[in-house]
Amino acid sequence: MRSKISTTSHEPKPETPTQRYQPKNPLKSPRFGDVATFNRLPYVPDFRDQDIDVVLLGIPFDGGTTYRPGARFAPRAVREASALNRNFNPNLGVHVYEKLSVVDGGDVSVNPIHLQTTFKNIEEHISEVHRAGARCISIGGDHSVLLPDLRAIHKRYGAVTLIQFDAHTDTADSAWGEKYHHGTPIRRAIEEGLLVGSKIFQIGIRGPLTAASQEDYIREQGIHVLDIDQFYEIQKRNEFLDQIRKTAGQGPCYLTFDVDGVDPAYAPGTGTPVVGGMTSFEAIQTVRKLQGLRFVGANVVEISPTYDHAEITSLLGAALIFEFLSLMAHESKSPVV
Ligand code: MN
Ligand code: MN
């Protein structure tokens, strides 16, 4: 990673990328006005040669959903909801945009009725972000979009440690004879050699299964699961987080957040809700505890604005993006290998 110019001095300095790319000043342009972008950041679809650290990308695709659709509308809804995102994270003590230059890179070009074309476009677009020397945080989209993202990530960083918030393990084999949908990305990623089970950590898993044998694959692959009962045993939760830190070390990590990991009371706008989950506060608090890890990518998926009320779920998505950026900015305070 590149070292950043210090922002603690008061001397005038030439414009740096972090100064060039700032959220719009709300006192000059009110938060409810203008064209919506993620966190009111500049829209920079051509991010090459711009010395940008993080590109936020929308992936408006829900062709991999098996129940309620609507996640294709999430990037727009989250852009709207993120108008209230601010700059400084008091919990991590970090000013995101003093540490990182971040832009809204627009949306991946999807084909709403062709999954493989969409996957190809996602992988290519995220690879472009990587070639520009930046990291990508994407806003899905259903969870099927994780697979092409991981293909791009693997090309750049090899096998990462994956941390997944979800009610589901997403390790199904197929549905209606189809191998690719939002219930299979983890299994496909393991089969393609993009992930190894021992470096996958799933948090918030719960709910009935079709058959007991659905858990066999998880065990065979050595995937670590902190189910919702264990999540509420604080000692087990802390041990799980310790295990993540131990496994990941300073190696690359990817954070994938399926909003149905959160209870539908706190995230009603989603396609495959499962009652009895964590609150939005507990989710955010747990994400913050991942500080110190080296995140090379992240996504928020499965927000379906069609089923949302009062922007509850979109606001959560927007808050999560800010927390992910904060984790990346927090790490940039110290030299990153
Ligand atoms: Mn899920
Ligand atoms: Mn999922």
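Colleague: Let's start with the metal. What spacing do the donors of the manganese ion (ligand 2) follow along the chain?
Modeller: The donors of that ion, ligand 2, follow H-x22-D-x3-D-x87-D. Donors are N, O and S atoms within 2.8 Å of the metal (3.2 Å for Na, K and Ca); water is not among the atoms, so sites may look incomplete.

Colleague: And which protein donors are they?
Modeller: His143 gives ND1, while Asp166, Asp170 and Asp258 each give OD, and they lie 2.1 to 2.2 Å from the manganese ion (ligand 2).

Colleague: Before I go on, where do these numbers come from?
Modeller: This is a predicted model: local features need pLDDT of at least 70, side-chain atom pairs count only at pLDDT 80 or more, and totals for chains, interfaces and linings use all residues. Residues are numbered from 1 along each chain as its sequence is written, chains are lettered from A and ligands numbered from 1 in the order in which they are written, and side-chain values use heavy atoms, leaving out hydrogens and water.

Colleague: Which residue bridges the two manganese ions, ligand 2 and ligand 1?
Modeller: Asp166 does, and the ions lie 3.2 Å apart.

Colleague: Is Asp166 buried or exposed?
Modeller: Asp166 has a relative accessible area of 0%, so it is buried. Asp258 is buried too, at 2%. Buried means under 20% relative accessible area, exposed over 50%, and partly exposed in between (1.4 Å probe, protein chains only).

Colleague: New topic: rings! How many aromatic pairs are there?
Modeller: A search of the whole structure finds four. Rings of Phe, Tyr and Trp (its six-membered ring) pair if their centres lie within 6.5 Å; planes under 30 degrees apart count as stacked, over 60 as edge-to-face and the rest as tilted. One of the pairs is Phe165 with Phe257, stacked at 4.7 Å centre to centre with 15° between the planes.

Colleague: And why is the pair of Phe231 and Tyr232 edge-to-face?
Modeller: Because their planes stand at 85°, with the ring centres 5.3 Å apart. Phe231 is buried at 0% relative accessibility, whereas Tyr232 is partly exposed at 38%.

Colleague: What sits over the ring of Phe231?
Modeller: The charged end of Arg237, 3.8 Å from the ring's centre. A charge sits over a ring if NZ of Lys or CZ of Arg is within 6 Å of the ring centre and within 35 degrees of the ring normal.

Colleague: Where else does that turn up?
Modeller: At Tyr307, where the charged end of Arg68 sits over the ring, 4.2 Å from its centre.
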